[in-house]
Amino acid sequence: MRMHRLVLIGVGLIGGSLALDLKRAGLVGKVAGIDIDADNLTRALERRVIDYAYTQIDVQSVADADMVLIATPVNTLPLICRQLAPYLPERCIVTDVGSTKQLALQAFASELPNHYLRCVASHPIAGSDRHGALAAQFGLFAQKKCIICAHEHQDETALQSVVTMWQAVQAQIYYLDAVRHDAIFAAVSHLPHMLAYAYVHQLAEAANADELLQFAGSGFRDFTRIAASHPHIWTDICLANRKVLADLLQQQQQELVYLQQCLEQGDAQKLTAFFVKAQKIREDWQN
Ligand SMILES: NC(=O)c1ccc[n+]([C@@H]2O[C@H](COP(=O)([O-])OP(=O)(O)OC[C@H]3O[C@@H](n4cnc5c(N)ncnc54)[C@H](O)[C@@H]3O)[C@@H](O)[C@H]2O)c1
Ligand SMILES: O=C(O)C(=O)C[C@]1(C(=O)O)C=C[C@@H](O)C=C1
């Protein structure tokens, strides 16, 4: 599988990193980048993440695309698909990298009905708290999972092309139904981001916030790294997955109430048992 022209919409951390790897693997000839941020496009051209830059989806920017890869905040998908519809070459594959998958499949189905067979929803479980073309890096997806949420009308060749693309950047393919996908990543990705944001807020609201931050060490650094993630990206993810996420926040409050009770009762046994269980789960996961 070799693509002559990949059209990348959203030339940021994820889309840019994938473009770099695909070029290096010889899987794409030219990459056309479309982004609403003109400065970001300039940086992407300078770093050779892309070969051509456009700020709009139109006949020129989408022309001759073998594949359109959408790597923008998840809530932009419906509009982007609507804008793409008139310009997509017939055999073109459309795929995305968004962190929530029900919304992606809904956008493909409702905005690209004539192309739906060739729309493949994917999600690499790799990333960082950085953003934009400057954050794009080689090797981001190597040995990382990539989830494919195939739909019932999926064209087999389109699916295989997307799988081949991710395997070429050494990602490990897993298949999940979109509802299940969103429930799982609400628990292991979206909830921890919410908790990190909430904790940083708690500190910021303290009267001596500056003093607290001045003395914060590696525990603070490790727990809050993801609170440095891009606010726009995460607003979209959290809202797209709001129902499951709100339930998880409710459950988290119960955990906090339990911890509070342990402290009020001075119950070392209960507290240690709680920590031992969490420690074991974390260690087993690491191994
Ligand atoms: N950051 C992560 O760790 C991570 C991991 C896996 C998947 N994702 C998903 O990947 C996607 C991109 O995230 P990212 O981290 O690369 O973000 P990013 O901010 O680095 O890149 C997104 C790019 O999209 C551009 N953009 C925004 N709206 C646009 C629009 N309407 N049209 C064209 N361009 C637009 C922005 O200017 C930016 O350059 C998101 O859907 C996110 O959920 C992120
Ligand atoms: O490493 C990080 O900073 C990430 O947030 C990466 C992370 C995650 O939560 O694991 C974030 C969002 C994704 O959709 C996939 C990966």
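Let me begin with ligand 2, whose surroundings consist of S99, I125, G127, S128, D129, S189, I226 and S229; a residue is placed in such a shell if its C-beta atom, placed from the backbone, lies within 6 Å of the molecule. This is a predicted model, in which local features need pLDDT of at least 70, side-chain atom pairs count only at pLDDT 80 or more, and totals for chains, interfaces and linings use all residues. Residues are numbered from 1 along each chain as its sequence is written, while chains are lettered from A and ligands numbered from 1 in the order in which they are written.

By class, the shell around ligand 2 holds two nonpolar, five polar and one charged residue. Here Ala, Val, Leu, Ile, Met, Phe, Trp, Tyr, Cys and Pro count as nonpolar, Asp, Glu, Lys and Arg as charged, and the others, Gly among them, as polar.

I turn to ligand 1. This ligand is surrounded by 30 residues, of which G10, G12, S99, G127 and H131 are the closest. They divide into 15 nonpolar, 13 polar and two charged. Which helix gives the most to the shell around ligand 1? It is α1, with three residues; α1 and α10 (231-240) each supply at least two. Helices (H or I, at least four residues) and strands (E, at least two) are DSSP runs, numbered from the N terminus.

Next, the domains. The protein chain is divided into domain 1 (3-177) and domain 2 (180-286), with bounds that come from an automatic or database domain assignment. The shell around ligand 1 draws at least three residues from each domain, and the shell around ligand 2 likewise draws at least three from each. Taken over C-alpha atoms, the domain centres are separated by 31 Å. The contact takes 15 residues from domain 1 and 17 residues from domain 2, where contact requires C-beta atoms, placed from the backbone, within 7 Å. On the side of domain 1 that touches domain 2, α5 (102-111) and β7 (145-149) each supply at least two residues. That side has six nonpolar, six polar and three charged residues.

Four of its five residues are buried, that is, with 20 or more other C-beta atoms within 10 Å of their own; 12 or fewer makes a residue exposed, anything in between partly exposed, and C-beta atoms are placed from the backbone. Strand β6 (residues 119-124) pairs with β7 in the antiparallel sense over four bridges, pairing being assigned if DSSP finds at least two bridges between two strands. On the other strand, β8 (residues 172-175), four bridges join it to β7 in parallel. C146 in β7 stands opposite P124, and its bridge partner in β8 is I173.

Helix α6 (residues 156-168) contains Q167. Why is Q167 classed as partly exposed? Because 13 other C-beta atoms lie within 10 Å.

β1 and β2 pair in the parallel sense over six bridges, with L6 opposite V31 in β2. In β2 (residues 28-34), five of seven residues are buried.

Key
Two residues are in contact if their C-beta atoms, placed from the backbone, lie within 7 Å.
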